[in-house]
Each structure stands twice: as structure tokens, then as C-alpha cells.
Amino acid sequence: MEIKAAQVKELRDMTGAGMMDAKKALMEAEGNMDKAIDILREKGEAKSLKKGNRIAAEGMIGSYVHQGRIGVLVEVNSETDFVAKNADFQEFVKYLCMQVASMNPKYVSRNDVPEEDVAHEKEILIQQAMNESPANMPEDKKKFVAEKKVEGRMNKFFEEICLMDMKHILQTDKTVEQVRQELVAKIGENIVVRRFVRYEVGEGLEKREDNFAEEVAKQAGL
């Protein structure tokens with residue numbers, strides 16, 4: 001049975017297990033996520049399942065306004081109000097706001113991207129990859145090779161539009177999701193980036209283009 005990278009990522013996010021452990025569990029469970037979680041728990045490889053499943057209904061709404069031209073609100077939830085007052089938690093929220101202002105993501109995570117948009121992008125990328133294949137290659141082989149290439153290219157697609165898949169604005173060697181997971185492990189509570197909204201002066205109107213992303217990055221000290 002073919003196990004997709006998205007399934008492995010979802011299981012890793014839920015349990016904190018390693019990539020190969022998550023993939024093996026999914027193969028053993030024949031793709032059944034609940035069964036795969038049980039397998040990891042039985043083997044002692046589910047590191048953060050309890051934290052990931054606990055309800056996070058407290059937290060804070062962070063805000064950031066860049067030179068009166070870009071405004072951002074981000075809701076990040078924690079399990080207790082005590083953690084919402086934690087300096088590390090507040091710093092995480094602060095940089096999330098700046099990330100949204102600078103990078104202008106469309107969604108929180110890849111799970112929020114409409115299925116039709118994902119399917120459309122995948123279709124385009126497969127065709128692009130097929131066009132890159134040698135002209136004398138059989139069509140069925142072209143498609144097979146193209147589909148293998150598309151997996152990595154889809155990750156790039158999500159990285160450009162999904163907040164959690166983006167490289168963190170400060171810790172650029174990690175994604176926002178990886179930074180979140182590290183904070184969960186450090187604080188000991190589940191932390192959920194729930195939603196955000198971003199406003200820009202003159203948005204939707206014809207106007208002069210300014211490099212706001214570069215300005216925000218400079219203000220962040222990058």
C-alpha cells in the first residue's frame with residue numbers, strides 16, 4: 001500500500017514520532033491513522049500524543065501593525081491562561097504576527113487549502129514534469145516519473161501559502177510548525193495556531209507596489 005508524505009507528516013505532527021517510525025506504523029496499519037497511533041503508542045514511539053490531543057481553549061490574540069499600513073491579528077491557543085502569560089509563548093505569537101505581515105500566507109496549514117486547489121496545482125505540476133521528460137520516453141513512464149517529482153514540488157507550493165509550512169521568520173532553518181512543536185515540548189502544553197487575519201492599506205485597489213515584506217524583515221532584525 002502506498003503511504004503518502006502528507007499522511008506521514010500528519011502522524012508525526014500528532015505523535016512526535018520520527019519519520020521512518022511514522023511511515024512504518026502507517027504501513028503496518030494499512031493507512032489507518034487511529035491504528036497507526038496505537039502502534040506507535042505500543043512501541044513507546046508516540047512522544048507528544050497526549051499534548052497534541054489536549055484541548056487548547058485559552059491563549060491570546062497577538063497583534064502587529066507595520067508603519068500604519070499592514071495590520072495583523074493572530075489567535076494562538078494554549079491549554080491554560082498561565083501559559084498564555086509565558087514569555088516564550090508571547091514571543092512565539094509576536095513573531096507569528098510579523099511572519100503573517102511579511103509573508104502574507106493564505107492559510108494556517110495545508111489542511112485548510114481547498115481540495116480543488118490542491119488537485120489543480122498537482123495537475124499543473126505533473127504536466128510540467130512530464131514536459132521535462134525526454135521526448136522518446138513512453139507516456140506512462142513520463143507520468144510515473146512526473147508523479148514522483150510532484151511530491152517535492154507540492155511541498156514547495158504549501159510552503160508558499162501555508163503559515164505552518166513556511167520557514168520561520170527568525171529561525172530560518174526551521175518551519176513555523178517545527179518551532180511550534182519545540183515550544184510544546186518546552187512548555188508542556190498543547191499550543192494551536194488557530195487563525196489569523198491580515199489587512200493592508202489600499203488592499204484590492206490599484207496602487208504603487210512597495211516591498212513591505214523587506215521592511216517587516218528589517219524591523220524583525222533579520
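These are my notebook entries on what I looked up in this structure.

**Setting up**

I am working with a predicted model, in which local features need pLDDT of at least 70 and side-chain atom pairs count only at pLDDT 80 or more, while totals for chains, interfaces and linings use all residues. Residues are numbered from 1 along each chain as its sequence is written, and side-chain values use heavy atoms, with hydrogens and water left out.

**Entry 1: overall make-up**

I began with the secondary structure, taking helices (H or I, at least four residues) and strands (E, at least two) as DSSP runs numbered from the N terminus. The protein has 10 helices and three strands, and from the N terminus on I read their order as α-α-α-α-β-β-α-α-α-α-α-β-α. I then looked up burial, where buried means under 20% relative accessible area, exposed over 50%, and partly exposed in between, with a 1.4 Å probe and protein chains only. Of the 222 residues in the protein, 38% are buried. For contacts, meaning heavy atoms within 4.5 Å, I noted that 61% of those between residues at least 6 apart in sequence join residues at least 24 apart.

**Entry 2: the largest nonpolar core**

Which residues touch the most other members of the largest nonpolar core? A nonpolar core is here a set of buried Ala, Val, Leu, Ile, Met, Phe, Trp, Tyr and Cys residues joined through side-chain atoms within 4.5 Å. The largest one holds 28 residues, and V74, V76, F92, L96 and V193 are those that touch the most other members. At least two residues each come from β2 (70-78), α5 (81-84), α6 (87-103), α9 (176-187) and β3 (191-200), and α6 gives the most, with nine residues. As background, I recall that nonpolar side chains tend to be buried together in soluble globular proteins.

**Entry 3: E58 and G59**

E58 counts as partly exposed at 37% relative accessibility, and G59 is partly exposed with a relative accessible area of 22%.

Not counting residues up to four places away in sequence, E58 touches V76, N77, S78, E79, T80 and D81, whereas the corresponding list for G59 is V76, N77, S78, A84 and F89. I also looked up two C-alpha separations: E58 and E75, 17 residues apart along the chain, are separated by 9.9 Å, and G59 and I191, 132 residues apart along the chain, by 8.4 Å.

**Entry 4: helix α2**

In α2 (residues 19-28), I found A22, A25 and L26 buried. Seen down the helix axis, the buried residues of α2 fall within an arc of 100° (taken from the directions from the axis to the C-beta atoms), so they line one face of the helix. These buried residues pack against α1 (5-15) and α3 (33-42).

On either side of α2 I made two further notes. G18 is found in the loop between α1 and α2 and counts as partly exposed at 26% relative accessibility. Just after α2, E30 takes a positive phi of about 55°.

**Entry 5: other positive phi values**

Q67, which is not a glycine, has a positive phi of about 50°; Q67 lies in the loop between β1 (60-66) and β2 and is exposed, with a relative accessible area of 55%. N104, also a residue other than glycine, has a positive phi near 50°; N104 is found in the loop between α6 and α7 (115-132) and is partly exposed, with a relative accessible area of 40%.

**Entry 6: lining of the second largest pocket**

What lines the second largest pocket? A pocket here is an open set of points on a 1 Å grid over the protein atoms alone, where a 1.4 Å probe fits, with protein on both sides within 12 Å along at least five of seven lines, and lining residues have an atom within 4 Å of a point. The lining consists of D88, E91, F92, Y95, H168, L170, Q171, V179, E182, L183 and K186, and the elements giving two or more residues to this lining are α6 and α9.
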